Amino acid sequence: EPDRAAARADLGPAGRLRAARDGRDPAALVAELEELAKPDVLRDTLPADRPPVVRELVALTAADRPDVRSAAVQAVARWSPADARRPVLAALASDDPDERRAALALAAKYPDAEVARAVAARLPDRDDRAAAKAALL
């Protein structure tokens with residue numbers, strides 16, 4: 001449907017993200033977040049249009065669904081690494097293994113004692129051990 005695709009493109013990244021969030025379809029929201037995590041989407045977005053996207057992404061790092069939180073953390077780490085630090089810390093303590101894996105993959109971007117302690121806390125978990133060791137190196 002070319003008309004729908006054109007209308008979607010006209011929304012810009014923040015508008016598409018809000019539409020996906022408001023559509024109440026978690027799979028569509030995760031797909032939009034994954035799209036936003038791609039480097040070319042950030043590169044093709046004007047600097048003036050980026051702050052609303054970052055605000056939406058940060059808000060979604062506290063979503064009810066771990067798949068949404070995980071995708072949002074990855075996207076915000078691309079758009080604004082400084083704004084992703086707190087969500088990465090929260091994800092490191094998540095009960096959801098996929099969310100923890102995403103956070104462990106991002107943790108090396110934040111070389112400070114608090115993040116290092118949170119990563120080290122994952123070492124006893126057999127499922128997280130290899131990723132935690134890699135993040136600490």
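# Briefing: salt bridges, core, pocket and selected residues

Arg18 counts as partly exposed, at 33% relative accessibility (partly exposed lies between buried, under 20% relative accessible area, and exposed, over 50%, with a 1.4 Å probe and protein chains only). The model is predicted, so local features need pLDDT of at least 70 and side-chain atom pairs count only at pLDDT 80 or more, while totals for chains, interfaces and linings use all residues. Residues are numbered from 1 along each chain as its sequence is written, and side-chain values use heavy atoms, leaving out hydrogens and water.

**Salt bridges**

- The count comes to 16 salt bridges (a side-chain nitrogen of Lys or Arg within 4 Å of a carboxyl oxygen of Asp or Glu).
- Arg18 and Glu56 meet through their side chains in a salt bridge, at 3.8 Å from N to O. This pair links distant parts of the chain, with Arg18 in helix H1 and Glu56 in helix H4 (residues 50-60), 38 residues apart (helices are DSSP runs of H or I, at least four residues, numbered from the N terminus).
- Glu56 counts as buried because its relative accessibility is 13%.
- Arg69 and Glu99 also form a salt bridge between their side chains, at 2.8 Å from N to O. Arg69 belongs to helix H5 and Glu99 to helix H7 (residues 97-106), so the pair ties together parts 30 residues apart in sequence. Both Arg69 and Glu99 are buried.
- Through salt bridges that share partners, Arg18, Arg21, Asp22 and Glu56 are joined into one network.
- In the salt bridge between Arg65 and Asp67, the closest N and O atoms are 2.9 Å apart. Arg65 is partly exposed, with a relative accessible area of 41%, and Asp67 is partly exposed at 31%.

**Nonpolar core**

- The largest nonpolar core has 38 residues (a set of buried Ala, Val, Leu, Ile, Met, Phe, Trp, Tyr and Cys residues joined through side-chain atoms within 4.5 Å). Helix H5 (residues 66-79) supplies the largest share of this core, with 8 residues.
- The residues with the most contacts inside the core are Leu33, Leu36, Leu57, Trp79, Val88, Leu92 and Val119.
- Not counting residues up to four places away in sequence, Val88 touches Val73, Ala103, Leu106, Ala107 and Tyr110 (contact means heavy atoms within 4.5 Å).

**Largest pocket**

- The largest pocket holds about 190 Å³ of space (on a 1 Å grid over the protein atoms alone, a pocket is an open set of points with protein on both sides within 12 Å along at least five of seven lines, where a 1.4 Å probe fits; lining residues have an atom within 4 Å of a point).
- Its lining consists of Ala20, Arg21, Arg24, Asp25, Pro26, Leu29, Leu60, Ala63, Asp64, Arg65 and Val68. Helix H1 (2-22) and helix H2 (26-36) are the elements that give two or more residues to this lining.
- By residue class, the lining divides into 6 nonpolar, no polar and 5 charged.

**Two buried positions**

- Ala84 has its place in helix H6 (residues 81-92) and counts as buried, at 0% relative accessibility.
- Leaving aside neighbours within four places in sequence, Ala84 is in contact with Val73, Val76, Ala77 and Tyr110. The C-alpha atoms of Ala84 and Gln74 are separated by 8.1 Å, the two residues being 10 apart along the chain.
- Arg122 lies in the loop between helix H8 (113-120) and helix H9 (129-136). Arg122 is buried, with a relative accessible area of 15%.
- Beyond its neighbours within four places in sequence, Arg122 is in contact with Leu92, Arg100, Leu104, Asp128, Arg129 and Ala132.

Notes. Points joined across faces, edges and corners; volume = space filled by probe spheres on them. Nonpolar A, V, L, I, M, F, W, Y, C, P; charged D, E, K, R; others polar.
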